[in-house]
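Me: I am new to this structure and would like to go through its aromatic rings. Please take the questions one at a time.

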Amino acid sequence: MVQDLFFNILTFEPQNEQLTFYYTTDENQSLHRMHSNILPKHVVAALSKLNPDAEHAFTSFTDEKEGLLPFEFDVKEQGISFKKRYYGWKLAQYFTHSLGCPVKQGFIEELQIWEHRLKESNSQFNVYYKYSIKIQALKVSNKFELLLSFDGRSKVFKKNSVQLTHEVGSDKFNWVLYQNELCKWKELSTNPEIKVKYEEVYPILNKDLEQALQLPIIIPRPDNKYKNYLELITAFKDKYLGTDEFQDVLPLDSLNFLKVPTGKIFKTSYTSNQLEFGKVEDQRLVHEAPKFALKDAPPFQQSNLGDTTLFFIMHKDDVKHAFTIKDQFENGFQSFQGLHQYVDLVLNVQKGLSIVFDNKENPLPEIEEGLAKADFQPGITYVAIYLTPIDKYTQDREQRKVYHRVKELLLKKEITSQAINPTKMVEQKDNWKFSLPNIAIALLAKLDGVPWRLNIPVKKDLIVGVGAFKHQEENTQYIGSSFSFQNDGRFNEFQYYLKDEMDVLAGHIAESVKQYATLNKIPSRLIIHFYKTMSDKELKPIMDELDDLGLGDIPVFIVTINKTESEDIVAFDKNWYGRMPESGTIVRIGDDKFLLFNNTRYGNNKVSYFDGFPFPVKLKIKCSQPELVEDVKVTQELIDQVYQFSRMYWKSLRQQNLPVTIKYPEMVAQIAPYFEDPGIPPFGKRNLWFL
């Protein structure tokens, strides 16, 4: 079945509107600031006589206000930037004044509308659905565009700020609803010009308030996000945008969402989702789904580390669970066949080597002492199963540090580890059989085995991945990096840095180019997968390092891979029941921007709710030699590579929509800053210990 794709976009044409606008050069927070280069020339000329040094003007648009100068001109004759500002203001006026909806102003041409859902509200909260409208021009069509998206739900307390301050303190407030306006608590409570009626301020639920009030965390059931999302924005569109009143604000061309032109759609290569496993009857199995393939075939490559010994680190109460896990590893459990049958991994459990501790809160001293006393023999590879009493997602920072410090202690002794939460094993007994295969493939990967590889010719590409993780407690962002010397998903090194250490990262990239050239030859190109748009300032130290090596002519491709799924611009398939475009579909949404749909829909097959319905990943491609990006074949190959690397995730059988070049460095950046010593122990730079 041929796909019929459409965007969540409506189009309109600016109309002739001869209106009077009001301006001043005096800064005023209640007015809209505009740079002089987007204003009509006669407005700039008149204002510059009043204040020659002013770069910005402040406007109430068409609202007459005392002290502001009036200027008349036609909106249609103005530039795109002015029109986007003006239409954004008109939309805000319509939703706040005409419809009474709270509105949060985002970027200049974007606003978020909050719709009260009375039926879903309760005695504790008022529930609001959030919709964003972004005004853009000539992005995916030759017209002005309204990008309509659903931003989720928010809960507003029915208790006011006075009551909640008495319960948990006001330091946990962030956004609040005050007299039907959305405000930042700090800006509201510290503004001397506003006499706040605190009994009319209603805080909006956030994570800090959730934890302080010990509210239950509700885990949403797996569902088809595409169908739900489309139904919500369609209902919003029909209710609020399909009226005569809205047509007076913005005359839409049609209430139908914009069809994606076929010229903007292309596909990853046919083999991009094909994975290669071990041999079945002297023939390697090729399949796109590991969860099915590993039932019939061994992994692509077994561990070749020789004698491998497993030992446990556990609290005394969990010794019984260690015996259970040992039995499951050796003999299987329900549908899980055991490590040897499933991933061709044989582990010897050495008696007397396991470490049992008493202190659940801080087992580090006992574990450290146990490791110091252990009789580790040369020539034997050791792997530790850590039955942790502390969940790695615990809210307690000190306990989280303990969890990660155990990994550091083991890495220093060149021991890889696998953490298992025995509480979950007991509580989720019915689902435990699904966790064991994930543990098995992670163990194999940590022990230098290859669960599967891409079914493509191996190329000697130098690929650098850079991911990021923000530690909320420190308000510090760390970046991790991965270095790969070929396109098969194997990595040579992992590092992590503070966000502002781009010069250090540049040095490591240059060093990897040297190392690559020593082992192979000078690379024909350097490909960097980056978690955000890389600025020229961030790229410069990398280019400088390459120049110093005499390799400044190597083209450097930067593929920006948004860490979060694109929920602003999405495409839907009218011809498929689930509305999600087929996996491997690529849609161009700008000269250098693309949506990559990366999921488990192949053709018209049904998709499991457990596999999920991930929204597309947004990509942006640029090059130090810009003309190279104009080659469609090069662009396709780079996007293919992103798609392929997403299939090399060895922590789970479930397919991921982010490539491991971004995912793995992010995992490193999430853990390594908790280590006691700076940096990653040398063993950890070449091992997948973080899986």
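Me: Which ring does Arg284 lie over, in this predicted model?
Reply: The model is predicted. A charge sits over a ring if CZ of Arg is within 6 Å of the ring centre and within 35 degrees of the ring normal. Arg284 lies at 4.1 Å from the ring centre, over the face of Phe300.

Me: At what distance from the ring centre of Tyr129 does Arg153 lie?
Reply: Here too an arginine lies over the face of a ring, Arg153 over Tyr129. The distance from the ring centre is 4.6 Å.

Me: How many aromatic pairs are there?
Reply: Rings of Phe, Tyr and Trp pair if their centres lie within 6.5 Å. By this rule the count comes to 44.

Me: Trp114 and Tyr128 form an aromatic pair; how are the planes arranged?
Reply: The centres are 5.8 Å apart and the planes make an angle of 50 degrees. Planes under 30 degrees apart count as stacked and over 60 as edge-to-face, so the rest are tilted. The pair of Trp114 and Tyr128 is tilted.

Me: How far apart in sequence are the parts that this pair ties together?
Reply: Trp114 lies in strand E8, residues 110-116. Tyr128 lies in strand E9, residues 125-137, so the pair ties together parts whose separation in sequence is 14 residues.

Me: Is Trp114 buried or exposed?
Reply: Buried means under 20% relative accessible area. Trp114 has 3% relative accessibility, so Trp114 counts as buried.

Terms used: Residues are numbered from 1 along each chain as its sequence is written. This is a predicted model: local features need pLDDT of at least 70, side-chain atom pairs count only at pLDDT 80 or more; totals for chains, interfaces and linings use all residues. Side-chain values use heavy atoms; hydrogens and water are left out. Rings of Phe, Tyr and Trp (its six-membered ring) pair if their centres lie within 6.5 Å; planes under 30 degrees apart count as stacked, over 60 as edge-to-face and the rest as tilted. Helices (H or I, at least four residues) and strands (E, at least two) are DSSP runs, numbered from the N terminus. Buried means under 20% relative accessible area, exposed over 50%, partly exposed in between (1.4 Å probe, protein chains only).
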